[in-house]
Amino acid sequence: MWEYSDKVKDHFLNPRNSGVMDSPDAVGETGSLSCGDALKLFLKVNANGRITDAKFMTFGCASAVASSSALTEMVKGLTLDDAAKLTNDDIADYLDGLPKEKMHCSVMGQDALRKAINSYRGIQIQEKPGNVVCECFGVTDLEIIEAVKTNNLDSAEDVTCYLKAGGGCGKCVEKITEIVATAKMEA
Amino acid sequence: MTTIYTDNNATTKVAPEVLEEMLPYFSEMYGNPSSMHSFGGNVGLKLKDARQKVADLIHATPEEIIFTSCGSESDNAAILSALAVNPDKKHIITSVVEHPAVKNLCEFLEKEGYRITFVPVDRMGRLDTDLLYSSMADDTALVTLMWANNETGVIFPVEEIAQKASEKGILFHTDAVQAAGKVPIDVSRAPIDMLSLSGHKIHAPKGIGVLYVKKGVKFHPFLKGGHQEGGRRAGTENTASIIGIGKACELAGEHLKEMDTRVKAMRDHLEAGLLENIPASSVNGEQEHRLPNTLSIGFDAVEGESILLLMDQTGICASSGSACTSGSLDPSHVLMAMKVPFESAHGTIRFSLSTYNTMAEMDHIISTMPGIIQRLRDMSPFWKKTQA
């Protein structure tokens, strides 16, 4: 059994702002059925660029639901500029931490938020920059390098905890180990 | 809140009768059965009795029973012995749905240079026996297959396969950890060379296992040292637990009929009730050749860990086929090997019953589960899409 904080349990058992939003101003979607978790984030944004409401739909484990619930609470009232600065660590901190193996749930929250903000601003982001390393979860080398640098990851195992990469068939673990080593040298 | 325990393929409670038999052997009759004095020797007599009871459950003789520390040790001992006594043979046949005790050892051996054939299963969890038979080669040392699958309860035709292996001079081992006490096992009916059992799946304590080695089959000990277990497994006997598994095997034999009738009826009732009351749910695995106590059921568009934690809030204990509970990220290798679609694999729950369960508990689960699944579906981005 996972050791979840009381806050994670609370946000899982009593999720805030779950459900579909009617005519949202921005939507950010991430994850998939095959990945085992997915989040659809809805935002209402006023004329001043401030988030006035947020809702979510999540498929996933308790920490995925809790991360989504926390995210919606955190972004309400923020300007888009401030919301864009939120990181996965902020989400995990808000929940008094997540088990390391579940950090990818907070990464999912950050990803959905960025996608929602970008879609609101009409920014077309290139689908998945870089080359796909983990085919099971569709994770690219550039994503791995970014995660290693921002979260100070040390091993392929760490990368799996944050991005899931390497956690499926395991074929790419050696390649991830190489990428981690190179990224650490550059950092 | 009362606990409803339906996770008996994970572990079982120690039967009160088993505990009662064991208790005197901790602080009162704590002698070493190898000792010359009667204080220890009397314990030895009790072990002899336990060995007989274990042998009786599977229709073996006491000399064919080796006590180990767990099912995993039994599996390791059997597989490594088969390789040690056949140094020229470098090939093992197993299946893609084995328990990690066998699967991970075989994958390790593959890296060590052995050739391993992982025989696939179909959508219903049935073994591709044609491929299995055609894989048997001159250098095949061992066929190792589970008797019944821990996740789906699907039963493999081990007796038939043991016969084919025997005809080709190949050793046959079966991990019968999940089958024991749930379906009849009779090693005299087929040329099964080695068979693993575990105590804690049949109401004995954790930390005691059994390896049956057929008389005349060469055996190379896994744990080397003292002369215990006829020189086949060193280490001072875990006396209380051996006495416990003896009693548990006696009880298991007595309960076989109840498993096939009352327990099976409860499982069937639970299965029908869940399928009827929860839309987009489906049973995993062949229903005909299946353990009478096991139900693996997938609920579309929701995730297993979330289901289990909400069930836990109501006191219902079960397992999932989901990744998130185990720390790995893909759904169970068993469900993936069966090509169960992701949408129901992630939301698969395994209920496994014992003779201690009641029909009232099944009704309680049937009335509780629809609300839990609906609550999660209401927040799932995939639910409407699935339904439409």
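**Entry 1: a helix in chain A**

I started with H7(A) and looked up its buried residues: they are A:Ala156, A:Val159, A:Thr160, A:Cys161, A:Tyr162 and A:Leu163. A reminder to myself before going further: this is a predicted model.

How many of the residues of H7(A) are buried? I get 6 of the 8, so the helix is largely enclosed by the rest of the structure. Next I checked what those buried residues pack against, and found helix H5 (103-120), strand E5 (139-140), H6 and helix H8 (173-186), which belong to chain A.

I also looked just past the end of H7(A), where A:Lys164 takes a positive phi of about 75°.

**Entry 2: how H6(A) and H7(A) meet**

H6 covers residues 141-151 of chain A, and H7 covers residues 156-163 of chain A. I looked up how they pack: the angle is about 100° and the axes are 10 Å apart. The two helices are therefore roughly perpendicular to each other.

Which residues do the touching? From H6(A) I noted A:Glu143, A:Ile144, A:Ala147, A:Val148 and A:Asn151, and on the H7(A) side they meet A:Val159, A:Tyr162 and A:Leu163. Sorted by class, this contact has 6 nonpolar residues, 1 polar and 1 charged.

**Entry 3: the cores**

Some of those names came back when I looked up the largest nonpolar core, which has 89 residues. A:Leu41, A:Ile144, A:Val159, A:Ala165, A:Ile176 and B:Ile307 are the ones that touch the most other members. H5(A) supplies the largest share of this core, with 8 residues.

Skipping its neighbours within four places in sequence, A:Leu41 is in contact with A:Val27, A:Gly28, A:Ala54, A:Phe56, A:Leu71, A:Ala112, A:Leu113 and A:Ala116.

**Entry 4: A:Ala38**

Is A:Ala38 buried or exposed? I counted 23 other C-beta atoms within 10 Å of A:Ala38, and the cut-off for buried is 20 or more, so A:Ala38 is buried. This residue sits in strand E2 of chain A, residues 37-45.

Its contacts reach into both chains: leaving out residues up to four places away in sequence, A:Ala38 touches A:Thr30, A:Gly31, A:Ser32, A:Leu33, A:Phe59 and A:Gly60, plus B:Pro381 and B:Phe382. I also checked A:Met108, which is 70 residues away from A:Ala38 along the chain. Their C-alpha atoms are separated by 7.7 Å.

**Entry 5: where the chains touch**

Those two chain B names sent me to the interface. I found 19 residues of chain B in contact with 22 residues of chain A. On the chain B side, the elements that give two or more residues are helix H10 (304-313) and helix H12 (342-345). H10(B) gives the most, with 3 residues. By class, the chain B side splits into 10 nonpolar, 5 polar and 4 charged residues.

**Entry 6: the 4-strand sheet in chain B**

I traced an open sheet of 4 strands in the order E9-E10-E13-E12 of chain B, with antiparallel pairing. Strand E9 (281-283) and strand E12 (319-320) stand at the edges with a single partner strand each, so one side of each has no neighbour in the sheet.

E12(B) is joined to E13(B), residues 348-352, by 2 bridges, and the two run antiparallel. I noted one bridge pair, B:Ser320 with B:Ile349. Helix H9(B), residues 239-277, packs on this sheet and touches E9, E10 and E13 of chain B. The helix direction makes about 10° with that of E10(B).

**Entry 7: the 7-strand sheet in chain B**

What is the strand order in the open sheet of 7 strands? I read E2-E8-E7-E6-E5-E3-E4 in chain B, with mixed pairing. The edge strands are E2 (65-68) and E4 (115-119), each pairing on one side only. The twist averages 20° from one strand to the next.

Helix H4(B), residues 71-84, lies across E2, E5, E6, E7 and E8 of chain B, at about 165° to E7(B). Helix H7(B), residues 158-167, touches E5 and E6 of chain B, and its direction makes about 160° with that of E6(B).

Notes. Residues numbered from 1 in each chain as written. Chains lettered and ligands numbered in written order. Predicted model: local features only at pLDDT ≥ 70, side-chain atom pairs only at ≥ 80, totals over all residues. Contact = placed C-beta atoms within 7 Å. Nonpolar A, V, L, I, M, F, W, Y, C, P; charged D, E, K, R; others polar. Pairing = 2+ DSSP bridges. Axes fitted to C-alpha atoms, helices over the stretch in contact; angles between N-to-C directions. Parallel < 35°, antiparallel > 145°, perpendicular 65-115°, else oblique. Buried ≥ 20, exposed ≤ 12 C-beta atoms within 10 Å, placed from the backbone. Core = buried A, V, L, I, M, F, W, Y, C linked by C-beta atoms within 7 Å.
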